[in-house]
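Trainee: Please walk me through reading a model like this one, feature by feature.

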Amino acid sequence: VAIAYPQDALAGATNPAALGEVGTRFDIEATLFLPNAQATLGGTNSKSRANEYLLPGLGFSMPVDNETTFGFSMVGAGGGGTHYKQNLYDLAQTAGGTGTPHTADMGVELMVMQMNPTIVQKFSNNNMVGFSVVMGLQRFHAYGLGNFTKFTVSGTDDMLTDRGIEYSRGLGGRLGWLGKFPDIGLNLGAVATSKVYMSKFQ
């Protein structure tokens with residue numbers, strides 16, 4: 001729907017050209033993601049406590065004149081995570097745990113956001129092209145993975161786990177077109193998006 005029949009200012013995150021149709025407005029949304037993750041290893045079963053994620057989104061659109069519109073959108077582009085109070089990999093080796101460093105609570109978390117400043121140009125009432133700079137932001141956290149050091153080149157967990165929250169940033173581009181054909185009651189849209197080139201996590 002957002003590609004060819006935009007309903008709000010967040011449509012610019014899908015098709016930049018769509019902002020040319022929504023006028024002046026500001027929109028906020030939120031999606032509640034309720035995963036139900038659990039795992040069993042070595043006879044031990046554990047349910048993840050990371051079972052509620054609120055994914056925010058916002059967008060605004062501001063026509064400058066009859067042909068040009070500026071806007072901005074911010075949306076969640078993916079992510080999720082787990083949080084186990086029982087470290088299954090540690091308990092699978094010995095009932096009381098191995099005592100290896102960084103083997104308490106275990107989990108990973110990844111959140112991905114996209115922020116899209118957008119400009120739209122109308123070439124006629126029924127044809128418009130938009131472009132967005134896609135600014136990506138990723139947040140990553142891993143902890144309790146001390147027993148995985150045997151799989152690392154260094155044999156240590158220095159670059160593997162319990163390093164706090166890491167961030168990665170990047171840029172890409174998105175080009176969109178929206179065409180209206182009122183004589184037959186049809187809208188068409190097309191979008192091309194580049195790869196978002198992200199920096200490496202530390």
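**Reading the model**

Mentor: The protein chain holds one helix and ten strands. Helices (DSSP runs of H or I, at least four residues) and strands (runs of E, at least two) are numbered from the N terminus. In order from the N terminus, the elements read β-β-β-β-β-α-β-β-β-β-β. The radius of gyration is 23 Å, well over the 17 Å from the globule rule for 202 residues, so the chain is more spread out than a compact globule. That radius is taken over C-alpha atoms, and the rule is 2.2 Å times the number of residues to the power 0.38. The C-alpha trace spans about 70 × 30 × 25 Å along its principal axes.

Trainee: What should I know about the source of these values?

Mentor: This is a predicted model, in which local features need pLDDT of at least 70 and side-chain atom pairs count only at pLDDT 80 or more, while totals for chains, interfaces and linings use all residues. Residues are numbered from 1 along each chain as its sequence is written, and side-chain values use heavy atoms, with hydrogens and water left out.

Trainee: How many bridges join β8 to β9?

Mentor: Two strands pair if DSSP finds at least two bridges between them. Here eight bridges join β8 (residues 166–181) to β9 (residues 186–193), and the two run antiparallel. They form a hairpin with four residues between the strands, and G185 in that turn has a positive phi of about 65 degrees.

Trainee: Which residue in β9 does W177 stand opposite?

Mentor: W177, in strand β8, stands opposite A190. Contact means heavy atoms within 4.5 Å. Not counting residues up to four places away in sequence, W177 touches N15, A17, N127, M128, V129, L188, G189 and A190. The C-alpha atoms of W177 and K122 are 9.9 Å apart, although 55 residues separate the two along the chain.

Trainee: Is W177 buried, exposed or partly exposed, and why?

Mentor: Buried means under 20% relative accessible area, exposed over 50%, and partly exposed in between (1.4 Å probe, protein chains only). W177 counts as partly exposed because its relative accessibility is 26%. Across the protein chain, buried residues make up 35% of the 202 residues.

Trainee: Which residues make up the largest nonpolar core?

Mentor: A nonpolar core is a set of buried Ala, Val, Leu, Ile, Met, Phe, Trp, Tyr and Cys residues joined through side-chain atoms within 4.5 Å. The largest has eight residues: A4, A9, A17, L19, V22, V120, M128 and L178. A second, separate core of five residues includes Y84, M106, A142 and L145.

Trainee: Where does T161 lie, and is T161 buried or exposed?

Mentor: T161 lies in the loop between β7 (127–143) and β8. T161 is buried, because its relative accessible area is 2%. Leaving aside neighbours within four places in sequence, T161 is in contact with H102, A142, Y143, G144, L145 and G146.

Trainee: Which side chain joins that of T161 in a polar contact?

Mentor: A polar contact is a pair of N or O atoms within 3.5 Å; within protein, one must be able to donate a hydrogen and the other to accept it, and residues adjacent in sequence count only if both atoms are side-chain atoms. The side chains of T161 and D162 make one of 2.8 Å. A polar side-chain atom of T161 also lies 3.2 Å from the backbone nitrogen of G144.

Trainee: What is the phi of D162?

Mentor: Most residues other than glycine have a negative phi. D162, not a glycine, has a positive phi of about 55 degrees. D162 is in the loop between β7 and β8 and is partly exposed, at 35% relative accessible area.
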